[in-house]
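Dear colleague,

Please read them with the structure open beside you.

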Amino acid sequence: MRALVIEDSRAMRAILVRLLSAVGAEVTEVEDAATALAYFDSNELPDIALVDWHIPGMSGLELVSTLRADERFAAMPIMMVTSESEPEQMLIALDAGADEYLVKPFTEEAVVEKLRLLGVGEGQPPATVEVPRR
Amino acid sequence: MTDVLFTEDLVTEIASSVWMAYLPESDELLARPAAPPEASLTGTVTISGQWNGVISLTCSTIAAARAASTMFAVDVSEVARSDSLDAVGELINIIGGSIKGVLPPPSGLSLPAVTDDATVYIDRRADAQLLVDVQFSWAEQSVRVAVWSKDDRTLL
């Protein structure tokens, strides 16, 4: 499984990379939407994108809408990972095109369960890549 | 009155759940004061909407470094100041998000700001009313979570 983590917090990226690597994911991490879009333009699509809501510049929600408006990303699972915990916010994210919604603080078990629900997460050798901010 | 939603029990429960999620192998976060720190880092987020206020997390620099050590999976001796700032920022972001979750929608959560400049921290709380101030002890280090209410969102 290849996962792209789009999250501005280094601390949260470190946590997500550790959790995803533990379940066999090859993880690429970027800190904003612009870098994510550039990554998508020059790399094979990941098996899942994990998107934080609050990132500088284009928000995570706007990024999800942008991706879903492009048919190239129609089948790519997207999971919002956010501290926005209200049901209303969850519905907004799902309406924008997110497939799953993971509320911070989350447990390792919650991450694994969400991956299972999305049908991703079978073991592969772990690795991580950090893409410099554009 | 939204302010009555905020209790020490609520803040304690939220802070403890964040600690258990991201610092699971560390000491328990105990709801009792620790010795005042010689130096600390303070992270704040603002909530704007039907209720307006500031949520703050103040950690001793040692506690912040320990949190960063766990979150970045490095030895505490290798923790840089930027790591501690990021760790405190993420912790207050999640605490603030959880507190926002008990408020009536709609409301917005700011990006976190972290500083060791006490002047900045005091300026941000200017004209605010302290609603809850919970002092924790974490591995004998001081951790403090406070909720401040403001009537005028433009002051945030």
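How much space lies in the second largest pocket? The model is a predicted one, and in it the second largest pocket holds about 270 Å³ of space. Lining this pocket are 18 residues, of which Asp8(A), Ser9(A), Asp86(B), Gly89(B) and Pro112(B) are the closest to its centre. The elements that contribute two or more residues to this lining are α3 and β5 (113-115) of chain B, and α3(B) gives the most, with five residues. Sorted by class, the lining of the second largest pocket comprises seven charged, six polar and five nonpolar residues.

The largest pocket has a volume of about 380 Å³. Its lining is made up of 14 residues, and those that lie nearest the centre are Arg18(A), Leu19(A), Ala21(B), Tyr22(B) and Pro24(B). Here α1 (10-22) of chain A and α1 of chain B each supply at least two residues of the lining, with the largest share, four residues, coming from α1(A). By class, the lining of the largest pocket has eight nonpolar residues, together with three polar and three charged ones.

I turn now to the interface of the two chains. On the side of chain B, 23 residues are in contact with 19 residues of chain A, and the two chains bury about 1700 Å² between them, of which 55% is on carbon and sulfur atoms. The polar side of this interface includes 11 residue pairs in polar contact, counted where both residues are at pLDDT 80 or more, and five salt bridges were found across the interface of chain B and chain A. A salt bridge also joins Glu84(A) to Lys100(B), where the closest N and O atoms are 2.6 Å apart.

As for which elements of chain B touch chain A, those that give two or more residues to that side are α1 (8-22), α2 (61-71), α3 (81-100) and β4 (107-109). Of these, α3(B) gives the most, with 10 residues, and α3(B) is also the element that gives the most to the lining of the second largest pocket. The residues on the side of chain B that touches chain A divide into 11 nonpolar, eight polar and four charged.

With best wishes

Terms used. Residues numbered from 1 in each chain as written. Chains lettered and ligands numbered in written order. Predicted model: local features only at pLDDT ≥ 70, side-chain atom pairs only at ≥ 80, totals over all residues. Heavy atoms only, no water. Contact = heavy atoms within 4.5 Å. Buried area = accessible area lost by both parts, 1.4 Å probe. Salt bridge = Lys/Arg side-chain N within 4 Å of Asp/Glu carboxyl O. Polar contact = N/O pair within 3.5 Å; in protein donor to acceptor, adjacent residues only side chain to side chain. Nonpolar A, V, L, I, M, F, W, Y, C, P; charged D, E, K, R; others polar. 1 Å grid on protein atoms, 1.4 Å probe; cavity = no way out; pocket = protein on both sides within 12 Å on 5 of 7 lines; lining within 4 Å. Points joined across faces, edges and corners; volume = space filled by probe spheres on them.
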